[in-house]
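Here are my notes on the model you sent over. Have the viewer open while you read.

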Amino acid sequence: MKKKRMNSNSILLMLTIALFVVMYVSGCIAYADKGFTKLQVFLDILKNNAGLICVVCGMTAVMITGGIDISVGALIAMECMFLAVGVEQWGLPAVALLPLMLVIGLVFGMVQGYFIGYLEIQPFIVTMAGMFFARGMTAVISTQQVSITKSELMTKLSTMKFNMPFAIGAYTNKKGKLMIPNVSIYVIIALLVLVATFLILRYTKFGRSLYAVGGNQQSAALMGLDVKKTRFKAHVMCSFLTSIGAICYVLNTMCGTTRQALGLEMDAISSAVIGGTLLTGGVGNVIGSFFGVLINGTISSLVKTNGKLSSAWPNVVTAILLCFFIVLQAIFARFRKKD
Amino acid sequence: MTFPGVKALDHVDFTLRKGEIHALMGENGAGKSTLIKCLTGVNNFEAGEIHIDGISEAVRNRNTLDAQKHGISTVYQEVNLCPNLSVAENLFIGREPMTKLHTVNRKEMVKRAQKLMNEMNLPVDVTRNLDEYSLALQQMIAIARAVDMECKVLILDEPTSSLDDSEVEKLFNLMRQLRDRGVGIIFVTHFLEQVYAVCDRITVLRNGQLVGEYPIAELPRVKLIAAMMGKDFDDLASIKPEGGLHGGTESLIDAQGLSHAGKIKPFDLTLARGEVIGLTGLLGSGRSELARAIYGADKAQTGTLRVKGKEVHIKHPIDAMNLGMGMLPDDRKAEGIIGDLSVRENIILAMQARRGMTKLIPMKEQEEIADHFIELLQIKTASRETPVKQLSGGNQQKVIIARWLATDPDFLILDEPTRGIDVGTKTEIQKLVIKLAQEGKGIVFISSEIEEMLRTCNRLAVLRDGAKVGELSGEMTQELVMKTIAEG
């Protein structure tokens with residue numbers, strides 16, 4: 001009893017982390033001359049994926065219950081467009097619009113959650129409707145690309161940089177200037193979301209109910225858990241975190257377009273799956289999902305650093321990785337059954 | 001506790017005393033599950049009252065949660081826990097110990113869970129996932145959860161169905177331990193031996209009515225079976241089997257030591273041409289399982305099977321079909337009939353499967369075959385193209401029989417072919433079975449009604465608790481059958 005044996009889920013998590021490390025280290029070796037070893041490259045991966053990290057946290061929570069949410073990309077697009085048009089054309093202050101984005105996310109999640117939890121409609125269908133609605137609303141607000149230029153607050157937040165403490169990873173560039181690696185505020189927001197989600201999933205009644213509901217809905221009900229409420233809350237949580245993700249996203253891109261975050265829901269799902277979350281529910285962990293995001297980000301970054309490869313390659317590699325992890329999960333599942 | 005007059009059950013009174021193990025017995029449809037569902041709040045009841053601890057105020061459970069609050073916990077055959085969570089979490093989910101910050105106190109939870117497991121002598125590491133343990137242990141963990149929730153009444157619904165003998169013994173020890181602590185246990189099972197091994201008292205239900213409540217010592221096995229089947233043992237009229245069927249010399253089937261783990265223990269069975277052999281026993285005694293082992297629906301794991309003198313290995317039903325077997329499953333809705341297809345298509349199905357899907361039977365031939373059997377079996381249908389789901393139950397049954405007859409089998413297994421159909425059609429099917437035997441086919445006949453078996457079969461194999469315990473032929477009477485079921 002003292003010695004904790006690893007179960008298959010933690011093995012999968014270790015594999016995901018190991019894969020990331022191998023991928024990153026080989027990138028460092030292969031592209032050392034192109035500066036891949038710099039800490040800033042890693043931080044930029046975080047920067048470019050800050051929104052996705054928030055989304056994947058919510059997605060993981062929903063997937064643990066056995067559900068799915070394909071509306072997240074569209075929701076981001078809608079909220080970004082709302083903010084951009086609000087600031088630029090309606091002349092509203094960003095300080096009021098930012099919290100309003102979170103409220104929109106909450107309401108959006110509550111409607112979806114009500115249909116899924118209390119009316120027991122398939123999550124796929126409900127969130128597909130949500131996706132069409134949000135994408136449609138984005139275009140209703142504006143069909144143009146709206147760049148955010150008028151808001152001082154937004155510009156400030158977007159360009160706000162935090163240097164690494166103690167100048168870790170600092171280097172001097174060709175002009176002899178000292179460069180200290182830095183992160184933007186939205187990277188910090190995303191990491192806070194990640195930590196909070198981790199704690200919620202692991203240490204709260206709600207978090208544990210998610211796992212129980214995903215493991216066996218009937219059992220969870222018989223053990224006295226409120227299954228409907230749990231699923232409702234999971235979807236509210238997902239849409240809310242997605243809205244935080246939307247803020248990160250818009251701070252990074254500083255614009256709203258109808259094609260914003262197109263296919264982001266699939267990136268989130270694939271990251272979660274690579275990170276060891278089962279589509280069938282009951283198993284998952286935001287740490288894994290986080291590394292799933294990092295793996296996808298590293299692939300993109302490697303292709304970009306290479307400079308010659310087509311930008312379509314990351315998709316192909318992601319597909320292969322997905323297959324690899326799904327097959328692995330299936331093997332583990334079968335192995336466990338035999339036990 | 002008393003529950004007088006549960007209406008769905010037609011005025012059944014049931015009393016469970018503190019610190020006893022009380023068996024609830026009855027054949028299928030006797031009302032055991034309904035009674036339990038009323039107790040646990042899954043079903044509502046229209047009349048009657050539930051009293052707990054002798055308190056005069058009646059309790060009404062609206063759902064399982066309610067029942068748990070009143071101290072009534074149920075453990076089902078299917079373990080109702082979450083396989084993906086740790087044992088500790090399964091024990092405490094929904095009522096986790098909390099820290100001051102309102103988060104789950106995992107350390108405390110693990111500590112308490114391990115203490116609980118140690119108290120019950122379960123060799124379990126509570127930090128491991130539930131699905132790393134055997135079904136038996138999972139079941140005991142489920143019981144532990146119920147016990148820790150301070151249940152006064154523990155309902156065990158068919159808990160032993162998927163356990164092996166040593167696991168059952170462990171479960172019984174746990175049950176006795178709990179009984180000594182003052183927990184009242186309701187034990188539902190169809191394994192007779194287990195009732196006598198562990199219970200203090202038996203309540204028998206039949207057709208939704210109370211037959212009686214007996215201390216275990218006053219109800220020997222034979223009387224219990226008589227009570228369940230609704231035959232007053234002493235007044236049983238002896239009926240001689242009708243129609244002298246005699247097995248031919250050619251052996252169609254010779255099974256030696258066939259078995260399928262957890263379903264049917266090794267058995268021998270022979271069947272000659274022109275014979276109708278009946279498989280009898282209480283529900284769940286392994287009647288269907290025996291047939292399925294021969295037919296390859298559950299691949300036999302031990303033993304040898306000879307068909308027409310030649311040793312064969314049947315891996316899938318298609319092998320059996322190619323050897324000239326046919327099987328009518330007991331659940332015709334789920335396994336047999338395809339409601340949206342026409343009578344003709346349903347009849348042709350097995351024949352087509354045997355030929356291979358690429359060699360399509362010409363439409364003309366299909367129509368001829370369908371018409372032939374509609375006529376022969378007097379299937380009442382508007383036309384041969386009518387969807388089968390529009391036919392009555394008895395006629396659907398005939399369509400399936402026709403399906404197998406179309407393949408011209410030497411050997412047919414009929415599992416409950418007369419269940420749920422009216423008396424007239426029943427007799428027709430019984431006659432048909434005898435007629436087929438007289439034409440030289442071998443038939444295995446399974447039915448819950450002993451009279452029917454005696455009327456149609458010339459030999460009976462008796463099963464109990466998943467094992468063949470005897471074989472009867474010649475002068476067979478209901479008393480004899482019941483005695484064999486009871487005593488082997």
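**Notes on the two chains**

1. Start with one salt bridge: Glu96(B) pairs with Lys205(A), with 4.0 Å between the closest N and O atoms. A salt bridge here is a side-chain nitrogen of Lys or Arg within 4 Å of a carboxyl oxygen of Asp or Glu. The count between chain A and chain B is two salt bridges.

2. Before going on, some ground rules: this is a predicted model, where local features need pLDDT of at least 70 and side-chain atom pairs count only at pLDDT 80 or more, while totals for chains, interfaces and linings use all residues. Residues are numbered from 1 along each chain as its sequence is written, chains are lettered from A in the order in which they are written, and side-chain values use heavy atoms, leaving out hydrogens and water.

3. How many residues meet across the two chains? On chain A there are 26, in contact with 29 of chain B (contact means heavy atoms within 4.5 Å). Together the chains bury about 2,300 Å², 55% of it on carbon and sulfur atoms; buried area is the accessible area (1.4 Å probe) that two parts lose on being put together, summed over both.

4. Now look at who supplies chain A's side. Helices α8 (185-203), α9 (205-215) and α10 (217-222) of chain A each give at least two residues to the side touching chain B. The largest share, six residues, comes from α9(A). Helices are DSSP runs (H or I, at least four residues), numbered from the N terminus.
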